[in-house]
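Thanks for coming, everyone. Please have a look at the structure on the screen, and then I'll walk you through it.

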Amino acid sequence: MILDDIIEIIENAEYPSSFPDDLNVGKSVGGENGEICLTFFPSDTCSIFSSVKNVQDDAIVVVHTHGIEVDIDGKNILIHNSQIIIFDWYHFDDTMEYNRSDSRVNRVCLGTVLGGPVIGAAIGLAASFGKGKAHIVSDNLVIAYWNIETQGKEIIFLEERKDLSEKKVSKIVDYWHEQKNINKNTGRHPSGDFKAGVSSSGCFFALLVFLPCIYGFFYLLKYLYVSL
């Protein structure tokens with residue numbers, strides 16, 4: 001799917017009239033196509049992971065029979081299929097120009113404002129070496145879902161720039177759709193006790209270095225931002 005279509009779906013989504021009483025996501029069916037490690041770029045578009053301590057961090061996404069699991073920096077969320085607005089991907093291939101910045105915070109802001117979550121800190125790192133261009137090719141996963149407590153939209157941006165030939169991002173999206181079709185065609189019910197929700201372990205700190213970037217970030221992606 002192209003990014004514009006993803007944006008339109010998120011923007012037009014309306015809060016469901018109800019959710020299943022038992023938000024059980026079922027057991028993990030991850031594996032070669034059902035589990036993936038991607039790079040996460042923190043932003044206020046997802047309050048659940050806004051407290052991660054690094055400018056970028058690794059995310060593990062695992063498909064369950066009736067939902068998905070996302071783990072970032074020790075914080076884990078299970079999302080039931082009924083909550084998911086969109087679980088899809090798009091391809092990014094473009095050349096970005098940048099100017100040198102000696103400030104680490106400015107470099108982070110530069111990367112975020114120029115490329116948004118698709119290239120994040122890559123441009124910020126390149127900018128520390130001077131003026132130039134960077135050609136970025138990446139597959140990007142977008143997970144938008146309903147936060148039942150706030151009744152607001154949460155959006156998680158994840159990026160894969162390595163091994164694009166393996167099409168890992170598209171494979172996990174296809175695998176998720178396969179599991180939904182199995183549920184529909186066979187009447188499969190979720191097993192186990194894996195309820196939708198958030199859990200965490202370890203210590204979490206405010207992402208202070210990222211705060212100066214927020215206004216620039218939302219200026220670029222204002223059509224994606226939804227008040228939480």
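β3 and β4 make a hairpin, with two residues between them. In that turn, Asp-73 has a positive phi of about 55°. Strands here are DSSP E runs of at least two residues, helices are H or I runs of at least four, and both are numbered from the N terminus.

This is a predicted model: local features need pLDDT of at least 70, side-chain atom pairs count only at pLDDT 80 or more, and totals for chains, interfaces and linings use all residues. Residues are numbered from 1 along each chain as its sequence is written, and side-chain values use heavy atoms, with hydrogens and water left out.

β3, residues 67-72, pairs with β4 in the antiparallel sense over six bridges. Pairing takes at least two DSSP bridges between two strands. Glu-69 sits opposite Leu-78 in β4.

Buried means under 20% relative accessible area, exposed over 50%, partly exposed in between, with a 1.4 Å probe and protein chains only. Lys-75, Ile-77 and Ile-79 point one way; Asn-76, Leu-78 and His-80 point the other. In a regular strand, side chains alternate between the two faces of the sheet.

Now the whole chain. It has five helices and eight strands. Buried residues make up 49% of its 228 residues.

Last, confidence. pLDDT, the predictor's confidence in each residue, runs from 0 to 100. The chain averages 75. Helix α4 is highest, at a mean of 97, and helix α5 lowest, at 33.
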